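Good morning, everyone, and thank you for making time for this. Please have a look at the sequence and the model on the screen, and then I will take you through a few parts of it.

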Amino acid sequence: MKIGSREFDVKNQVYVMGILNVTPDSFSDGGKWNSMDRALAHVEEMLAEGMDILDIGGESTRPGSDYSMPAEEELERVIPYIEAVKTRFDVPISLDTYKSRVAEAGIAAGADMINDIWGLKWDARMAQVIADHDVACCLMHNRKKAEQAGNAVWDKESNSAATAQRDANPYGYSNFLRDVASDLAQSVELARKAGIGEERIILDPGVGFAKSYEQNLRIINHLENLQDLGYPILLGTSRKSVVGLTLDLPVTERLEGTLVTTVMGLLKGCAFVRVHDVKENVRAIRMSQAILREEKRQRNVSEEKLG
C-alpha cells in the first residue's frame, strides 16, 4: 500500500510508526514534545533509529478521556507540527484524530494518513473526508459503554442483577473476539461506502480501548483472527496499561513488555507497530525476522532434499 510517497510491503514487512504527542497530558509523554525544537529533534532521532511513519496527535485519548477538546484547540496544536515536519523531513505523516474538521485541515497541511481511534463511527463526515482526499486511514476498534450507546435493555433495567451484568461487561460484548472483528468490519463498510479504496485501509484492534485487562491480553494473542478481514493490521501497545498491570510497572518502565507485544504482533502477521521507543522496537523486529528467515531457509533446504 502507498502512504504519502512511500510504498509499504504490508504482506512481507513490519513497519514502525513513531509517536509524537504534542499534548500536555498524554499518559506516557504528555508535555515532553509540545515545544517545536524538542519535537523536531525527536522526529530526527526517531528517523535515525529506523522509524517508517510518524503519528502526530494533539489530543490525549488516555483512559478516562471525555473527548471534549474543541477542534479549534486541536488544530492549533497539530497543524504547525505537521507543516514543520513536512518541510524538514521526508517521512509519511499520520494524523491521530477522530474529528473530520481536524483531519481535513491536517491533510491540507501535509498529513498522508488519518488514524481514527473511533473507526469512522464518531464523526459522520470523517469517511468522506478521507475518501475525497484519497489518503490512507487506520481504523481502530473502540466502543462506547452500553449505557452511553443507549442499550435498550440496560437503560430500562435498574435491578441489582442488571447492574452487576453491566459492571462485568460494560461494553456489551456477547463473544469478545467475534464482536471485535464484527465491529471492525462495520468500520470497513463505512469506509467502502464513502469510496475509500481497499488499498487505503489499515485496521487496529484497539488495545487499551473498551477492553478489560484480560480482553487486551486475548486480542493480542488472537490478532490472526483479524487477518480474515483482509487488511493490514497495526498494533499499538506501547507502554499501555496491559503491560503495566502485567509487570506491575510504571509507564516509564514498560519497554521490555512492549517489545514482547511487538514480537507477538510480528508473529501474528501485523504490518505496523505504533511505538514510543523506536530504536528498541526496530531491533526486536529485525532480530525476530532474521530467526524466521533462517527457519524458512532451512525448511526450503529440507524440502529440496526430499524432492
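Let me begin with a term: buried means under 20% relative accessible area, exposed means over 50%, and partly exposed lies in between, with a 1.4 Å probe and protein chains only. Helices (H or I, at least four residues) and strands (E, at least two) are DSSP runs, numbered from the N terminus. What you see is a predicted model, in which local features need pLDDT of at least 70 and side-chain atom pairs count only at pLDDT 80 or more, while totals for chains, interfaces and linings use all residues. Residues are numbered from 1 along each chain as its sequence is written, and side-chain values use heavy atoms, with hydrogens and water left out.

With that in place, consider strand β8, residues 201-204, where Ile-201 and Leu-203 point one way and Ile-202 and Asp-204 point the other, all of them buried. In a regular strand, side chains alternate between the two faces of the sheet.

Strand β8 runs parallel to strand β7, residues 136-140, and four bridges join them; two strands pair if DSSP finds at least two bridges between them. Ile-201 in β8 is the bridge partner of Cys-137.

Now, which strand holds Asn-115? Asn-115 is in strand β6, residues 113-116, and, at 3% relative accessibility, counts as buried. Leaving aside neighbours within four places in sequence, Asn-115 is in contact with several residues, including Asp-55, Cys-138 and Arg-274.

Finally, the structure holds nine aromatic pairs, where rings of Phe, Tyr and Trp (its six-membered ring) pair if their centres lie within 6.5 Å, planes under 30 degrees apart counting as stacked, over 60 as edge-to-face and the rest as tilted. The rings of Phe-8 and Phe-272 have centres 5.7 Å apart and planes at 50°, so this pair is tilted.

Key. Contact = heavy atoms within 4.5 Å.
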